[in-house]
Every structure is written in structure tokens, then in C-alpha cells.
Amino acid sequence: MLEDKDRTELSDLGEFGLIDRIAQSVEITQKSTVKGIGDDAAVLGTGKVKTLISTDLLLEGIHFDLSYVPLKHLGYKAVAVNLSDIYAMNGKPTQITVSLGLSSRFPLEAIDELYTGILLACDKYNVDLVGGDTTSSISGLTISVTAIGEASEENIVYRNGTKETDLICVSGDLGAAYLGLQLLEREKAIFKDNPAIQPDLTGHDYVLERQLKPEPRADIIDILELEKVVPTAMIDVSDGLSSDLMHICTQSGVGCRVYIDKLPIDHTSAIAAEELNIDTTVAALNGGEDYELLFTVDLKDYERIKDNPAIRVIGHITDKGDGYNLVAGEQIIPLTAQGWKHLEA
Ligand code: ADP
Ligand code: MG
């Protein structure tokens with residue numbers, strides 16, 4: 001063990017601070033590494049069509065709770081969230097690999113369920129499962145998915161390309177997945193106290209589905225292609241709008257202004273939020289796991305996206321000096337990144 005005086009707590013750095021530190025110590029030597037650490041996917045290749053690659057690790061007890069997540073849904077979600085990172089580069093996914101850490105707690109039937117979900121997502125998004133790894137685990141279930149995709153060089157969208165006056169757009173709606181999780185956690189707590197009480201989740205299908213079976217926005221990539229709009233920057237909303245928008249802003253060296261009354265919130269999310277006593281704006285800004293696409297477009301492209309019901313303009317990019325702000329009526333509130341704080345005790 002390190003002596004106490006040499007010890008820096010990971011929670012002091014946070015997840016993003018730690019990744020920055022790792023990135024700083026890495027030197028790129030291959031000509032084919034176009035983009036390494038720092039975006040939704042790495043970009044590789046020397047030809048016009050580039051390979052995109054992204055990986056995610058899901059741990060039982062941290063990312064999912066098998067007491068209320070069906071294995072089939074878990075398999076589907078594990079694939080879906082990885083494909084989302086390929087779409088976030090404005091690319092198309094083509095293959096995945098799946099690696100598992102399994103404890104003896106799981107019978108074959110459980111693995112079959114998991115793979116039913118994995119293969120359902122592969123089928124829906126037209127990707128091939130081409131490999132992986134399997135090991136035993138002493139700490140429950142671990143799933144790691146790597147997604148591979150492709151995109152033409154000129155279509156790839158990074159986090160760092162936005163500029164002042166660009167419009168900030170988001171697909172779908174926000175906050176529902178977080179509210180779905182809070183409902184599941186509430187019912188779990190009630191059940192723990194009194195196993196005779198059956199869970200009451202009626203009327204909450206939408207937010208539960210958003211939590212348990214998210215769909216990556218392949219359709220938005222198709223719309224952008226059809227409308228001949230290449231966003232100036234893009235990221236998928238995994239940690240929460242605030243946190244993910246700040247990744248775009250810090251990497252692009254700009255500020256932003258988001259209008260609270262423009263945030264897309266489904267009416268069933270509002271109902272769930274009221275029942276749970278959670279502010280819908282907080283859920284939309286900091287909830288996370290929405291897997292929507294957050295992107296910026298040049299003003300000249302406004303006409304091409306403004307009438308699309310799947311896309312909402314929620315604000316605009318400003319000079320860096322203006323900072324990151326939220327506009328609520330006459331009030332301007334500084335936007336803070338919350339995100340997931342896995343590394344905090
Ligand atoms: P996302 O939320 O889009 O999946 P992350 O925040 O997980 O993105 O990761 C941001 C960037 O940091 C990505 O380029 C990812 O590949 C990289 N990254 C994350 N963890 C590590 C690690 N341990 N070593 C090297 N790169 C990492
Ligand atoms: Mg991402």
C-alpha cells in the first residue's frame with residue numbers, strides 16, 4: 001500500500017479528472033489513430049471511411065440492480081448504450097463484441113435471457129456480434145460491450161467543433177430514464193420493508209421503458225443525413241444534459257445559454273416527477289441515461305431542422321467568457337455539471 005502522504009483520493013479528481021490525467025500520459029504514435037481518448041468513440045483509419053470504436057463497462061450493483069432489471073432488458077440496454085456512442089459521432093454501428101464476468105449464481109437460463117436481449121438489439125440496429133470474452137467473477141455480473149462503426153471522414157462529428165451563435169439541439173425528451181429509476185428504487189424500498197405489498201408502477205410505462213429499454217437515436221442520424229445537416233458538435237446524453245453539454249463547451253472553448261422553458265419533457269415524466277416529488281427541470285438537466293443526441297448546428301441549418309418534431313432547439317452557443325448559463329424567464333442561473341459521481345464515496 002502507498003503511504004498516506006502519497007495518496008490522492010480518486011474522488012478528488014472525479015471521473016472526468018481521472019480520464020484527463022490518463023489522456024495526458026498517452027502519446028499517439030500510429031498514423032491511423034485520428035482521434036484517441038476524449039470523444040464518444042475513437043476514430044481510426046487512414047482511408048476516407050473511418051472506423052469508430054467505443055466501449056462501456058457495466059457492473060452489477062453500480063450500473064444495474066438485478067432485483068428489478070430483467071436480464072433480457074439488461075442485455076438490450078448494454079448494447080443500446082454502446083451503439084448510442086457510435087451515433088454520437090454521426091456514424092453507423094456495424095459490429096459489437098460482448099465480454100462477461102459471471103458468478104456461479106447464474107444458471108444457463110439466465111445467460112440465455114441476457115443473450116436474447118443482446119441479440120434483439122443487434123437485430124434491431126443491424127449489427128453483428130463478432131466476439132468477446134468470458135470469465136468467472138466473484139462480484140456478480142459484469143458486462144462490457146465494445147461497439148464498432150463507420151463513417152465518412154467529412155461526416156464525423158466531434159465534441160470540439162461548435163462556435164459562438166451555433167444552436168444547441170436535443171432529440172426526444174429528457175429526464176424520463178432517471179424518473180423511471182427513481183420509481184423502481186421506490187418500489188424496491190417498499191417491497192423490502194413489506195414483501196406482501198405488490199409494486200405499483202401503473203401509468204408509468206413510458207418512464208420505466210426509458211430506464212429499462214433505452215433506444216439509441218439511429219433515426220436522428222438518418223434525419224441529419226437526409227436534411228444534409230452535419231452538426232458542428234455532438235455527444236449522446238448519458239450523464240445528464242448539463243454535464244454532457246459542458247463536455248461540448250469545454251472541448252470547443254465556448255460558453256452556452258440554455259432556456260429552461262425549451263427543455264423537452266414528456267407529460268408522463270411530469271406526472272412521475274410530481275408523484276416522486278422531483279423537479280422536472282432537475283431531472284432533465286442532471287438525470288442522465290436519456291441516450292438522446294445533444295448537438296449544435298450552424299445558424300444556416302436552422303430551417304432544415306426547425307420543424308422536425310424529434311428535434312428541439314434549447315439554446316445557443318456563446319463566447320467562452322459568458323460561461324455556462326441557464327435562462328429561466330428574466331433570471332440567468334449558472335449551469336453546473338452534476339453527472340454520475342461513481343467515484344465519490
Ligand atoms: P461516454 O460517456 O461517451 O461513454 P466516457 O465519459 O465514458 O464517454 O469517456 C470519455 C472518453 O474517455 C472516451 O474517449 C473514453 O474512451 C475515454 N476513457 C474512459 N475511461 C478510460 C480509461 N480508463 N482509459 C483510457 N481512456 C478512457
Ligand atoms: Mg457518449
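Reader: Is G288 buried or exposed?

Author: Good place to start! Buried means under 20% relative accessible area, exposed means over 50%, and partly exposed is in between, using a 1.4 Å probe and protein chains only. G288 has a relative accessible area of 0%, so G288 is buried. It lies in the loop between α9 and β10 (293-297). Before we go on, please note that this is a predicted model, in which local features need pLDDT of at least 70, side-chain atom pairs count only at pLDDT 80 or more, and totals for chains, interfaces and linings use all residues. Residues are numbered from 1 along each chain as its sequence is written, chains are lettered from A and ligands numbered from 1 in the order in which they are written, and side-chain values use heavy atoms, with hydrogens and water left out.

Reader: Which residues coordinate the magnesium ion (ligand 2)?

Author: Look for donors, which are N, O and S atoms within 2.8 Å of the metal (3.2 Å for Na, K and Ca); water is not among the atoms, so sites may look incomplete. Here D40, D85 and D236 coordinate the ion through OD atoms, at 2.0 to 2.1 Å. Along the chain, these donors have the spacing D-x44-D-x150-D. Because D85 lies in helix α2 (residues 71-87) and D236 in strand β8 (residues 233-236), the pair ties together parts that are 151 residues apart in sequence. D85 is buried at 9% relative accessible area, and D236 is buried at 1%.

Reader: What surrounds ligand 1?

Author: A residue is near a molecule if one of its heavy atoms lies within 4 Å of it. By that rule, ligand 1 is surrounded by I19, I22, I37, G38, D39, D40, D56, D85, R159 and S238. Sorted by class, this shell has three nonpolar, two polar and five charged residues. Here Ala, Val, Leu, Ile, Met, Phe, Trp, Tyr, Cys and Pro count as nonpolar, Asp, Glu, Lys and Arg as charged, and the others, Gly among them, as polar.

Reader: Which polar atoms lie 3.0 Å from an oxygen atom of ligand 1?

Author: One is a polar backbone atom of D39, and another is a polar side-chain atom of D85. For R159, a polar side-chain atom lies 3.1 Å from an oxygen atom of the ligand. On its own, ligand 1 has 560 Å² of accessible area, and the protein covers 65% of that. Such areas come from the Shrake-Rupley method with a 1.4 Å probe.

Reader: Which residue has a positive phi of about 80° although it is not a glycine?

Author: The general idea is that most residues other than glycine have a negative phi. T165 is the one you asked about, and it sits in the loop between β6 (142-152) and β7 (167-171). T165 is partly exposed, with 44% relative accessible area. N277 also has a positive phi, of about 60°. N277 lies in the loop between α8 (267-276) and α9 (280-286) and is exposed, at 71%.

Terms used. Helix = DSSP H or I, 4+ residues; strand = E, 2+ residues; numbered from the N terminus. Polar contact = N/O pair within 3.5 Å; in protein donor to acceptor, adjacent residues only side chain to side chain.
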